[in-house]
Amino acid sequence: ANLWAATPITVKFAHVVAENTPKGKAALRFQELMHERLGDKVKVEVYPNSQLFGDDKVLEAMLLGDVQIAAPSLSKFQKYTKQLQIFDLPFLFKDMAAVDRFQQGPVGQKLLTSLERKGLMGLGYIHNGMKHLSAYDPIRVPADAAGKKFRIQTSDVLAAQFEAVDAVPLKKPFSEVFTLLQTRAIDGTENPWTNIYSKKFFEVQPYITETNHGLLDYMVVTSARFWKKLPDEVRTEMKKAMDEAIAYGNQVAREQEEKDRQLIIDSGVTQVISIGEQERALWVEAMRPVWKEFEKEIGADVIQAALDANQP
Amino acid sequence: MGLRLIHRLEENILAILLVFMTFLVFAEVVMRFVFNAGIAWAQEVTLYTAAWFVLFGASYGVKVGAHIGVDVVVKLLPAPLRRWVTLTALAICLVYCALFLLGAYDYISLMYDIGIEMEDVALPKWVALMILPIGFMLLVVRFLELAWKVWRGETEGFHLADEGEESMQLAQELKAEQASAISQTVAADATKDAQEPKS
Amino acid sequence: MTIGILFLLLFGCIFMGMPIAFALGFSSVTTILLFSDDSLASIALKLFEALSHHYTLLAIPFFILSSAFLSTGGVAKRLINFAVDAIGHVRGGLAMASVVACMLFAAVSGSSPATVAAIGSIVIAGMVRSGYPESFAAGVISNAGTLGILIPPSIVMLVYSAATEVSAAKMFMAGLIPGLMMGGILMIAIYIVARMKNLPAQPFPGVRQVLRSGSIAMGGLMLIIIVLGSIYGGIASPTEAAAVAALYAWLVAVFGYRDMGPLKNIPWRHAQEPLARCLGRNLWQISWAFPKSFWDEEVRKVVLDSVKVSLMLLFIIANAMLFAHVLTTERIPHTIAETIVNWGLPAWGFLIVMNLLLLAAGNFMEPSAILLIMAPILFPIATQLGIDPIHLGIIMVVNMEIGMLTPPVGLNLFVTAGITGRPMTWVIKAALPWLSLLLLFLILITYIPSISLFLPNLLG
Ligand code: NA
Ligand code: NA
C-alpha cells in the first residue's frame, strides 16, 4: 500500500503499443477527458509499451486489482470466453463498416458482457483494422496459400483458418516476425495496414493481397469488481469519457489505415493485389468449414448476426 | 546416502529441463525446414519449461554457490561482525521468499478461482504456476540450512560464484596435460638418445 | 525519496554479500510495497512473466551450453596451432598469433576469463620459452582475452538485449567490426614493440600446414558461421540459432573432436587402418556412443556447469526486470533524464559521464550485474538524447571489457595471476600499457558510432 499518497481513485490504463498509435491516442484522450471533467477526483495513469504488463498477463493483473483498464486484442480472450472468437473468423465481415454495424448492434454490445463470469467487463471496441495477407508470392485464390508458412497470433481460430487452405500456421512472437520474414524462415503474415507499415513488413514482403479477410480489433476491458465499486456519477462520467475516447481512437485508426495503405503503395517496394467478388467467393467457400467448426462455441445466432451486418 | 541421492536427482531434473528445452527448439527448426510444419504447443511449453527450470534451480544455485555477488566489502570485516552481517543478509533473503510465497498464494488462488487453461496445452494455468510456491519453499529450506551453518560457524557466508575461479580449472587441466606431454617427450628423447649409437 | 530508498536498499544488500539476484528482488519488492498500490500477487505475477514470456531470453542458456562444449582445452589448442601456423612467422608473430587465437576462441566462447584461461595457459609459457618477457606475454593475453564478450556470440550482449529489448541478432552483428578492430589494434601495437625490442619470429611451416591446421580448427569455428549464418541466412531467430549451436557444439565436442564423452581418446583413424574398416568401426562406435553420451559423466558435467550459469543469469534477469518495473512505475529514468536535459548536458557529455560511471562500477562488480542494474536507467536517457540503442550497447560492452582488467574485482587479472603464479600487483602492471590501448579504443567506439552501427545498418 502506498503510505504517502492518498488519491481517491487511481485508474491505471495499461496497453502494449506506442503512444502515437490509435490505441495509444485513445488512452491519452481518455486521460485528458477524465481530468477535464472530474479534476483531481480520479487520477488516470497511462502506461504504454507493455511497461506494466504484457498482453498475456495484463488481464490477470486486472483481476488482482493492479490494473484497471486494458485493451488487449480480441484473440487474447479465447481462454476467458469462447464467444469472442467470432472476431477471428475469416472472411466473415466484408469491410470495416460491417464490423461497425455488428459491434454497435445489439449482439456486438451483448458480447461486451461475455467476460463477466470471469470478472471482466467490456467497455467498447477499438479498431486496428482489417487484416490482409502478405507473402513472398502473389496470393489470389485459396490454392495460392497452400503449403506456405504464415505467422499467426495465438488463436485456435486463426490456426484453423490457415489449415483450411492447407497453409501452415506458425506461432511466433510479434517481435521476431520481421527477421523471420526477412530471412524467409516464414513465408507470410496476416496484418492490418497499420502494422504492415509501422513494422516495415512491406519491405520484406513483395506481395500484399488486400483480402480484408479478418479483423484485428481490441476490446477495452475493466475489472467487474472495480467497475461496480465506483460511485455512480464517476462510473457514468467514465463510461461517457471512454465512449468519446474510443470514437476518437477509431477515427484516428481509420485515417491511419488509409494513410499507411497509401504509403505502402507509394513506396513501390511491394505489389498490392486486390481480389474481386469471384475470388472472395472462393475464399468464403474454403473458410465455411472454419465457421462450422466454431459455431457451437460461438453460437449460430451470433455468426448469423455478423453475416447480416454485411448488408447495410 | 539419501542426501546424495536427492542432490543427484535435483541435478538430473535441472539437466533434463535444459536439454529438453534445447531439443524442443531444435525440433521446431527441423520441423519448419524439413517437414514444412510447426509444433503448435512448442513455444508455450518451452517458455514454461524455462520458468520451471529457473525457479526450481534457484535453490540449487544457493546450495552449490552458483549465484553471483560482491563480497569484497564483507571480506574486509572482522570475522565476528561478518558472521552477523551474513546472518542479517540471510534474514533478508528469507523475508524476500516470504513475500513471494504470500504473493504466489494470492495469485494462484485467483487463477484457481477463474479456472482458465494455458493457451496451447490442456492444463489449468494454476498448475503451471505451482512452481512459484515450490521454488520459493525450496529457497527457504536452503537459506535456513545456510543460516544454521553460518550460526554454527561451519561456513562463512554465501558461496558466491566466481567465473575467474572456474576458468582457472580449465587452465589447470591444460597445465597438467602439458606437463605430462613434456615429461613424455623428455622420456622419449631420453630413450631415443640411449638407443641411438653416438658417433 | 523513492530513488534514494531503492538504491540504498539495493547497494546495502549487495555489500552485505547477498547474491545480486536477491538484492535486486528484495529492494524492488520492498520499494513497491512502500510506495505503490501494487499487490504482492501482482509482483509474483510479474516475476513469472519475466521468466516465461521472453522467448529471446532462451538464447542465453543455449549459448551457454554451446560455449561450454567448445570452451575446452582441446579446442583452444587447435585454434592456437592454426593461429601460430598462419601468422607466427611475422616479427612478434607468436604474440600476434596469441591475439588471433584469443579472437578465434572468443568467437566460440561467450566469456572473457574463459578465453584468458584457455589460451593464456598455453601461449604465455610458450612465449616465455621463445624469449618474450613474461610481463609482455601476460599483458597481451589478459587484454586480448577481453574480446570474449565483444566478439559474438557474447553472453553479456544477450544480457543487454534482455534488459533493453534491443535485438540480440543486431548486437551480435554490431560487435563484429569493433572486435576485429580491437584485435587489429593490439596486433599493430605488438608489431611496433616487436620491431623496437627485436622480438623473435617463428619459422613458416608452409601453406599446406596452415590449411591443415585451419581445417582442424574449423570444427570449432563453424559455430560462429552457424550462429551468424543462420540468423542472417534465413534459417532461424537468435533463440533457434542458439539451440542449433548448442546441439552442434555437443556433436563436435563428443563425436567430432572427441575431447570428452564415450569416444574420448578413440581416434577417427588408427595408424595404417584400412579405410573400409575405419568407416565401419566409426559407424559402429558412433551409434553406441550416441545414446551413451546422455549418461556420460563428462557430458553431464558440461551440462550441469551450463545449468548453474544459466539459472544464475536467468534468475538475476527476472529480478532485474522487477527492478526495471519499479524504475518505470516510479519514473526514475525519466526524472534523471529531465535533470540531465535541464543541465543542458549534450549527448557527448552524457557519454563521458556514462563511461566514468560504468568504469567505476566495473571496478567491483561483474558485467552482467552491472548491465542489469545500469541498462534500465541509462537506456531511456540515451534514447532521449538520440543515442542509438545498439551503439549504447557496444559502448557498455567495451566498458565491461575494461572492467575485467581493473582492480579490485577484475576477472581477467585473477585468471592471469593464476596462470602465471605472479602476484596481482605484477599482473596489474603488466596489463596497464595494453589497458591504455583499450581506453583509447573505448573513446573511438564512443564517438564514432558507425564502427558499431555499420554492419547492423548494412544488413537491416
Ligand atoms: Na564471444
Ligand atoms: Na574490475
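**Note on the predicted three-chain model**

1. In chain B, 73% of the contacts between residues at least 6 apart in sequence join residues at least 24 apart; contact means heavy atoms within 4.5 Å. Chain B has seven helices and zero strands, in the order α-α-α-α-α-α-α along the sequence. Helices (H or I, at least four residues) and strands (E, at least two) are DSSP runs numbered from the N terminus. Of the 199 residues in chain B, 45% are buried, where buried is under 20% relative accessible area, exposed is over 50% and partly exposed is in between (1.4 Å probe, protein chains only).

2. On conventions: this is a predicted model, in which local features need pLDDT of at least 70 and side-chain atom pairs count only at pLDDT 80 or more, while totals for chains, interfaces and linings use all residues. Residues are numbered from 1 along each chain as its sequence is written, chains are lettered from A and ligands numbered from 1 in the order in which they are written, and side-chain values use heavy atoms, with hydrogens and water left out.

3. The largest nonpolar core has 307 residues, and those with the most contacts inside it are I86(A), F87(A), L89(A), F102(A), F53(B), F69(C) and M396(C). Helix 14 (residues 297-329) of chain C supplies the largest share of this core, 19 residues. Another core, of 30 residues, lies apart from it and includes V11(A), F13(A), L33(A) and V46(A). A nonpolar core is a set of buried Ala, Val, Leu, Ile, Met, Phe, Trp, Tyr and Cys residues joined through side-chain atoms within 4.5 Å.

4. What does F102(A) contact, leaving aside its neighbours within four places in sequence? Its partners include I86(A), F87(A), F93(A), L111(A), V302(A) and A309(A).

5. Helix 2 (residues 55-63) of chain A and helix 4 (residues 79-114) of chain B cross at roughly 100 degrees, their axes coming within 10 Å. Axes are lines fitted to C-alpha atoms, for helices over the stretch in contact, and angles run from 0 to 180 degrees between N-to-C directions. The two helices are therefore roughly perpendicular; under 35 degrees counts as roughly parallel, over 145 as roughly antiparallel, 65 to 115 as roughly perpendicular and the rest as oblique. K57(A), E60(A) and L63(A) meet Y107(B), L110(B), M111(B) and I114(B). Ala, Val, Leu, Ile, Met, Phe, Trp, Tyr, Cys and Pro count as nonpolar, Asp, Glu, Lys and Arg as charged, and the others, Gly among them, as polar.

6. In chain C, helix 10 (residues 168-197) and helix 21 (residues 449-458) pack at about 130 degrees, with axes 7 Å apart. That angle makes helix 10 of chain C oblique to helix 21 of chain C. Residues in the contact include M173(C), I177(C) and M181(C) of helix 10 and I451(C), F454(C) and L455(C) of helix 21. The contact has ten nonpolar, one polar and one charged residues.

7. Y191(C) touches V90(C), R91(C) and M96(C), not counting residues up to four places away in sequence. Y191(C) and M96(C) are 95 residues apart in sequence, with their C-alpha atoms 7.8 Å apart.

8. Helix 7 (residues 112-129) and helix 8 (residues 134-144) of chain C pack at about 160 degrees, with axes 9 Å apart, and are therefore roughly antiparallel. Their contact divides into nine nonpolar, two polar and one charged residues.
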